[in-house]
Structure formats: structure tokens, C-alpha cells
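Please read it alongside the sequence and the 3D structure.

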Amino acid sequence: MLRIVVICAFAALAVTVTPAAHSSASCPLRLPETLPGRTVTVPILMYHRIDVVDASTPAITRRLTVDPGDFAVQMRWLVGHGYESITQRQLFGALMCGGELPRKPVMITFDDGYRDVFFEASTTLLRLGLHATAYVITERVSGPDSSFLTWTLLRALEARGIEIGSHTVSHVDLTAVSDDALHRELVESQEALARSLGHAVPWLAYPSGRYDSRVESAARRAGYLLATTTDEGTTQSAERPLALERLRVLDSTGVRGLARLLAAHDR
């Protein structure tokens, strides 16, 4: 077991991280020309905001916002019921190379890149030793809307062990734009993240879950290795690594709803 102490300007916190299995770590980070016919059952939880709402919060934002206390209870429930969070790298290794996964794996993801993922969610995740991925809309990072992450906070979030993925440049419907615009949304977001973080970012979430075969093909050409949708399910296919299924967690889900959601898709 490797103990890593993460220290940043915002907090000094310790987390115990279990390294990925050797077979996953040694799996080449590229999609083979012929994708293997392999599936794994991995629930991928989809969150957006972790925050406190009030009477002025718009209905759509309220629906996508989980109270920090509820989120903490949900995460403790996962740990208490034997779930182990895995990284994108581990899932990729399991799909492409048959890498070993925990008995009850789960992936935790956050869409859009809200600042509360750092200030609210990551503290709970660190305390419990859980991994997660934050998919960010790059043109909103350090933009005029202070509800989104800054580049400094994004780097600090990664230092806390949260993987970063692309949610495109501007969160447009990728199925409705031209080939050139599709290419820009996929590639320029990757380039911006690579410049800030100092490494390639091959993980993607489609804006509003909208994708089709053209978008999948473009994502593969852009160098993405895994991409998440909003299609409900937990069966992840190596033949469709750019069309991973997820389970949506809303303000009304609560811990009982999360338990029911996972039980409904238990294989």
C-alpha cells in the first residue's frame, strides 16, 4: 500500500491510494486497431454540482446539485458497502488488456467543471481515499463565471488525486456541428488541458450526453481513449470505449436512491 501525502496552498490532507494492478498499468495507452470483445460491469456515477441551493437557484441547477452532506453520506455508503473507486487508467486497462479490477468497482465523475468539485467534493473524496474524474468545459475555466474552476484550482484538484477530462471547449451539441467545429471542440479542449496540466488528457464526456457514430469516430481520431455518455447502464464494452454508460445522481437521489440505482444494475 502506497501512502501519498498531498499538500497544496488550500489544504494539507493525506490519502491512502492503492496503485493500479500491474496488468492495467502496463497496458499501452492507445486503442488497438481491432478492439477486443470484452465487457466489464462498472457503475460510473455522474454528478454535476456539489453545493447548497437556495430559493433563487434555478430549477435545472437545483436538480443537478447534490447537497454536500448528502454527497458525503453517499460516499461513506459506497465505502461501507465494499465499493472501491477506480481510475480511468484502471478501467481502460481492464477493457483493453483484461486488467484486474476490485470486486465491486465504481467510478465517480463530475461534469462541467464547477468550483465546488474542489471546495466541497474533493475534501470528502480525499478523506475516504476515493478516486474521481472531473470533466471540464475549457472556455469556462478562469472565465467570468466564478462558479467554474480556475486553472490554478484545476491543477490543485489534480494534485488531490482527481483526474481531469475534457467536456469540450464550449459544451455544444457535438452531433449538430460541422466536422471542423467538432474537431475544434475535441482537440482544442485537449490542447488547453495539456498546456495547463503538463500531460495528455485522453478522457472525454460528451456535452449533454449527445453523440453518434460520427462523434465517436472524431473522438477516436482526436486521441481520446475513453468517453462517457448519459446512456443509463453499467456494462462497459471494450468494443465501445467511447460510449461508456453512466448512472445519473440528482438532488433527489439521496443514499437510498443511490443504493436502489446500484442494485437495479447489479449483475
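Helix α3 (residues 68-80) and helix α9 (residues 254-264) have axes that come within 9 Å and cross at roughly 40 degrees. This is a predicted model, in which local features need pLDDT of at least 70 and side-chain atom pairs count only at pLDDT 80 or more, while totals for chains, interfaces and linings use all residues. Residues are numbered from 1 along each chain as its sequence is written, and side-chain values use heavy atoms, with hydrogens and water left out.

**Helices α3 and α9**

- The two helices, α3 and α9, are therefore oblique to each other (angles under 35 degrees count as roughly parallel, over 145 as roughly antiparallel, 65 to 115 as roughly perpendicular and the rest as oblique).
- Axes are lines fitted to C-alpha atoms, for helices over the stretch in contact, and angles run from 0 to 180 degrees between N-to-C directions.
- Helices (H or I, at least four residues) and strands (E, at least two) are DSSP runs, numbered from the N terminus.
- On the α3 side, Val73, Gln74, Trp77 and Leu78 meet Gly254, Val255, Leu258, Ala259 and Leu262 of α9.
- Sorted by class, this contact of α3 with α9 has 7 nonpolar, 2 polar and no charged residues (Ala, Val, Leu, Ile, Met, Phe, Trp, Tyr, Cys and Pro count as nonpolar, Asp, Glu, Lys and Arg as charged, and the others, Gly among them, as polar).

**Val255 in α9**

- Val255, a residue of helix α9, counts as partly exposed at 26% relative accessibility (buried means under 20% relative accessible area, exposed over 50%, partly exposed in between, with a 1.4 Å probe and protein chains only).
- Apart from neighbours within four places in sequence, Val255 is in contact with Val73, Gln74 and Trp77 (contact means heavy atoms within 4.5 Å).

**Helices α6 and α7**

- The axes of α6 (residues 151-159) and α7 (residues 179-197) come within 10 Å, crossing at roughly 70 degrees.
- Trp151, Leu154, Arg155 and Glu158 of α6 make the contact with Ala192, Leu193, Ser196 and Leu197 of α7.
- The residues of this α6 and α7 contact divide into 5 nonpolar, 1 polar and 2 charged.

**Disulfide**

- The structure holds 1 disulfide (a pair of cysteine sulfur atoms within 2.5 Å), formed by Cys27 and Cys97 with their sulfur atoms 2.0 Å apart.
- Cys27 sits in the loop between α1 (22-25) and β3 (39-41), and Cys97 in helix α4 (residues 88-97), 70 residues apart.
- Cys27 is buried at 3% relative accessible area, whereas Cys97 is partly exposed at 34% relative accessibility.
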